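Please have a look at it first.

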Amino acid sequence: MAKNLLIVESPAKAKTINKYLGKDFQVLASYGHVRDLKPKEGAVDPDHGFAMAYEVIDRNEKHVDAIAKAAKLADDIYLATDLDREGEAISWHISEILKERGLTKGKQLHRVVFSEITPKAIKAAVASPRQLSLDMVDAQQARRALDYLVGFNLSPVLWRKVQRGLSAGRVQSPALRMIVEREEEIEAFKAREYWTIEAALRHPEGDFSARLTKLYGKKFEQFGLTNEDDAMAARAALKEAAHGRLTVSDVTSKERKRRPAPPFTTSTLQQEAARKLGFSTSRTMKIAQGLYEGVSLGSEGNVGLITYMRTDSVALSEDALGELRELIKRDFGAKALPDHAQVYKSKSKNAQEAHEAVRPTSALRTPREVSAFLNDEQRKLYELIWKRTVACQMIHATLNTVSVEFALPHAKGGEASFRSTGTTVVDPGFLAVYEEGRDQKSAEDEDEGRRLPRLEVGEQIALHDIAAEQHFTEPPPRYSEASLVKTLEEHGIGRPSTYASIIQVLLNREYVFLDSRRFKPTDVGRAVSKFLTAHFTRYVDYDFTAKLEDELDAVSRGEEAWVPLMERFWQPFKQQVDEKTESVDRSEATGARELGSDPKTGKPVSVRLGRYGPYAQIGDKDQDEKLQFASLRPGQSMHTITLPEALELFKLPRTLGTADNGDEVSVGVGRFGPFVKQGSTYASLKVEDDPYTIELPRALQIVQEKLEMIANRIIKDFGNGVQVLNGRYGPYITDGEKNARIPKDQEPKDLTEAQCLELLAAAPVKPKKGRGAFKKAASKKTAEKKPAAKKAAAKTATKKTAVKKAATKKTASKKTAAKKTAAKSTAKKAASKKTAAKVEG
C-alpha cells in the first residue's frame with residue numbers, strides 16, 4: 001500500500017499526476033467540492049458569528065468515502081487541490097471531514113500547490129509543502145456566506161413582487177444591470193444624420209482615396225454636414241474648385257512602434273477566445289481545464305499542456321522566459337528577440353503576482369507537434385495561448401504612417417482640404433506570430449495595410465470624382481461575451497474564477513439571451529434589474545460590489561477579518577429586505593405599462609409581467625368584472641410594444657372553420673405557445689407557423705399529425721393506468737409513477753398485464769425533477785443509515801405495494817389519484833420553500 005495519499009480535484013488531473021510520483025503515492029480525486037452549505041434556511045447563522053452548517057454533497061459521498069478509506073491507511077496526506085481560494089477551501093473541507101472521522105491523528109497534513117502539471121512542478125511542490133492558508137479559506141467562506149444570505153433573503157422578495165421562481169445574486173445582479181442599462185441606452189438612442197465627403201484619386205502606381213478634413217475655412221467635424229442639400233452643395237463647390245485635380249500640399253511620415261499584448265489572464269483569454277474562436281466563456285474554461293489537467297500525447301502519456309487557467313497575473317517564470325527566448329531565436333531568428341525579456345505588470349491591484357499567466361507548460365511543444373493528439377477545439381485554444389505567449393516575448397512591430405494633405409485654397413466659401421493616410425509595416429516583429437483582436441475597429445485600424453503611392457509636395461493628382469455619402473449615428477452595441485467580461489473586470493466585479501459562472505447564471509435564469517452573439521435582456525430580466533436598481537440600489541451598485549470584492553481580497557491576504565466584514569454587510573441589508581417586502585407595490589415592481597385605451601370598449605390597455613411571462617390586458621381589475629388577456633408574441637417586449645401592436649394580440653383566438661366531422665377549428669396562444677384546437681384535440685404550431693395568418697388546411701394538417709403521433713405512441717393500454725408506450729428512447733412500460741424498461745428479447749406488443757406489473761414492481765421510482773430532489777436526497781441518506789435487514793424488509797414491502805397498487809381496479813385508482821393530487825400539492829409547497837432558498841453566486 002502507498003505510504004502517501006495525494007488528493008486533487010479531478011480524475012483527469014489524478015491520472016496525469018499519478019505517473020509522476022511513483023508507487024509511494026496514491027492519487028485520488030475529490031471530484032470538485034466535497035461539502036456545501038445545507039440547502040435550507042439557517043445554514044448561515046448571523047446571530048452566532050455567521051456559523052456555517054455544512055454537509056457532504058450527495059453526489060460526491062462515494063468519493064469522500066474512498067478518500068477516507070485511503071487516508072486511514074496512509075502515513076502522510078497531501079492536499080493538492082487548485083491554487084486559488086476555491087481550491088484552498090476544498091482542501092480545508094477535506095481536512096475537516098478527515099478530522100471529524102478521526103483519520104488525521106498521528107498523520108501529517110500537507111498543502112501543496114502548483115500552477116502547471118509537469119513532473120518538475122509536481123515534484124517541487126511535494127518537496128516544499130506548506131500549511132493550509134486559513135486566510136484564503138475565510139475569504140472563500142465569506143464569499144459563500146454572502147452569496148447564500150443574498151440569495152435566501154432577496155429571492156423571496158422577487159417571488160412576491162415580480163414573479164415566482166426568480167433569484168437574485170450578489171454578483172450577477174450588477175452584471176444584469178449593465179446589460180439592461182445598455183438596452184435602455186439603445187432604446188433611448190436617437191439617430192443623427194451626417195454626411196462624409198471623399199475624393200477618388202487616380203495615380204499610375206495605384207488609385208486611392210482622400211477624406212475631407214477642412215470645409216469653408218473650418219475643420220470638418222462629424223456633423224459639419226447634416227442633410228443632403230448641404231452635402232450636395234459642398235460637393236459641387238469642391239468639384240468646381242478642384243478643376244479635375246488635387247495638388248499635394250504636405251507629406252508627413254511618422255514611424256511608430258507597437259508593443260505586443262501581455263500573456264493571457266483568465267479574462268483576456270476568455271475575451272480573445274470569444275472574439276477569434278467564437279467560444280463562450282464557459283466553453284473556453286472547460287477546454288482550458290482539459291488542457292491544464294492533461295492530454296494523452298501517445299507514448300508520452302498524459303501531459304498538462306498549459307498552466308493554471310484561473311489567474312489575474314501576467315507574470316512568467318524565469319524557466320518559461322528562458323525557453324521562450326530559446327524558441328524565438330531558433331524559429332524567428334535573433335533579430336526577433338529583444339535584448340531583455342519583456343516584463344509585464346498586472347493592472348489589477350489585487351493580482352496575485354506569485355501566480356503565472358496562462359501559458360504553455362513548454363513553448364517547445366508547438367501547436368503543430370501536439371495537434372494530432374487534440375480535438376479541434378483544444379487545438380484552436382492551445383494555438384491561441386501558444387501564439388500569444390510567444391509573441392509577448394518578441395520584439396515590437398515597427399510601422400510607418402504616411403499622411404498626405406491636398407489643399408483647395410480657392411474653394412467657394414473658404415479654404416478646403418482632403419487627407420489620405422496609409423500605414424505600412426516596416427518590421428512585423430511580434431505581428432509575424434500574433435495580433436490581438438478588437439471589439440471595434442478604429443480609424444487607425446482602417447488605415448493599416450493601405451499603401452499610398454510615393455507623392456511629393458506640389459504634385460498634381462487626377463481627380464476621378466468627389467462622392468458625398470449619407471450616414472446615421474449608431475447606438476452603442478450590446479455586450480458580447482468578450483466585452484461584458486472586459487467591462488466586469490474594469491469595474492472590479494467578480495474575479496477570474498467567476499466570470500463564466502456569472503454569465504451562465506444569467507442565461508440559465510433566462511434573464512438574458514444571446515441574439516447574434518450579443519446579450520439582450522428578457523422582460524423578466526429587465527423587471528428584476530429595475531426592481532433591484534430602484535429598491536436595492538446599493539447592492540447592484542458597481543462601486544459597492546467592487547469594494548466588497550476588494551475587502552474579500554484583503555481577507556485572503558490576512559489584512560482583514562471576515563466576520564466584521566459580514567456584519568457590516570448584513571445589518572443594513574436585512575433591514576432593507578424587511579422594509580421593501582412590505583412597502584413595494586407589485587405592479588410597480590414588474591414594470592407594468594399602460595399603453596392607452598381600447599377603441600372598441602374605451603377600457604385601458606396595459607402590458608404586465610405574469611407567471612408565464614409578459615402579457616397584454618384590456619380592462620382594470622378594480623373596475624371591470626371581466627378582463628381580457630393576450631400573451632405577447634415572440635420577439636415582442638413589454639417595454640417597447642405599442643398600443644396598435646398590443647390590440648393586434650386580441651385577435652386571437654381565431655376561428656378558422658370546421659373539420660369534415662363538424663368540429664370547430666380555432667387557433668390561439670396558451671401557456672406553452674401558439675396552438676390549433678379541433679374539438680378536444682390541441683396541437684402546437686410549428687416554428688414556421690404564425691397563429692395570426694395560418695389557414696384552415698394547414699391547421700387540419702397539424703392536428704392530423706398530432707392524432708397520428710398519439711395513435712403511434714400507445715402500443716398497449718390495459719385500462720388501469722398501465723400502458724406500453726413508444727418513447728423518445730424506444731418502447732417502455734409506465735403506470736404514471738414508475739417507468740420500466742422492456743427486456744431486449746421481449747416484443748413490446750406481446751407483453752401481458754402480469755408481465756408489465758412484474759417489470760414495474762422491479763423498476764426504480766422516478767427521481768423528482770428540479771428543486772424537490774433535495775428531499776429525496778435527504779431521505780436516501782436516512783435510509784442508508786438503517787441496518788441492512790431493515791433495508792431489505794423495506795424493499796420487499798415496497799415491491800409488494802407496487803404490485804398491489806398496479807393490480808387495483810378503477811375505483812381504487814380514483815382514490816389513489818386524489819391522494820396523489822394532495823401529495824403533489826404538498827410537494828409543490830415544499831418545493832416552493834426550497835426554491836426560495838436557491839442561492840446564485
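This is a predicted model: local features need pLDDT of at least 70, side-chain atom pairs count only at pLDDT 80 or more; totals for chains, interfaces and linings use all residues.

Which residues does Phe-531 touch, not counting residues up to four places away in sequence? Taking contact to mean heavy atoms within 4.5 Å, Phe-531 touches Val-157, Leu-158, Lys-161, Val-162, Phe-536, Val-584 and Ala-589.

Residues are numbered from 1 along each chain as its sequence is written, and side-chain values use heavy atoms, with hydrogens and water left out.

By a nonpolar core I mean a set of buried Ala, Val, Leu, Ile, Met, Phe, Trp, Tyr and Cys residues joined through side-chain atoms within 4.5 Å, buried being under 20% relative accessible area with a 1.4 Å probe, protein chains only. The largest such core has 88 residues, of which Phe-531, Leu-532 and Met-566 touch the most other members. Its largest share, twelve residues, comes from helix α5, residues 134–161, where helices are DSSP runs of H or I of at least four residues and strands are runs of E of at least two, numbered from the N terminus. Apart from this core lies another, of 62 residues, including Val-8 and Leu-384.

Turning to the strands, which pair if DSSP finds at least two bridges between them, β24 (654–658) and β25 (664–670) are antiparallel over four bridges, with Thr-655 partnered by Ser-666. Five residues separate β24 and β25 in a hairpin, and Gly-662 in the turn has a positive phi of about 95°. β25 then runs antiparallel to β26 (673–678) through six bridges, in a hairpin with two residues between the strands.

Notes:
Buried means under 20% relative accessible area, exposed over 50%, partly exposed in between (1.4 Å probe, protein chains only).
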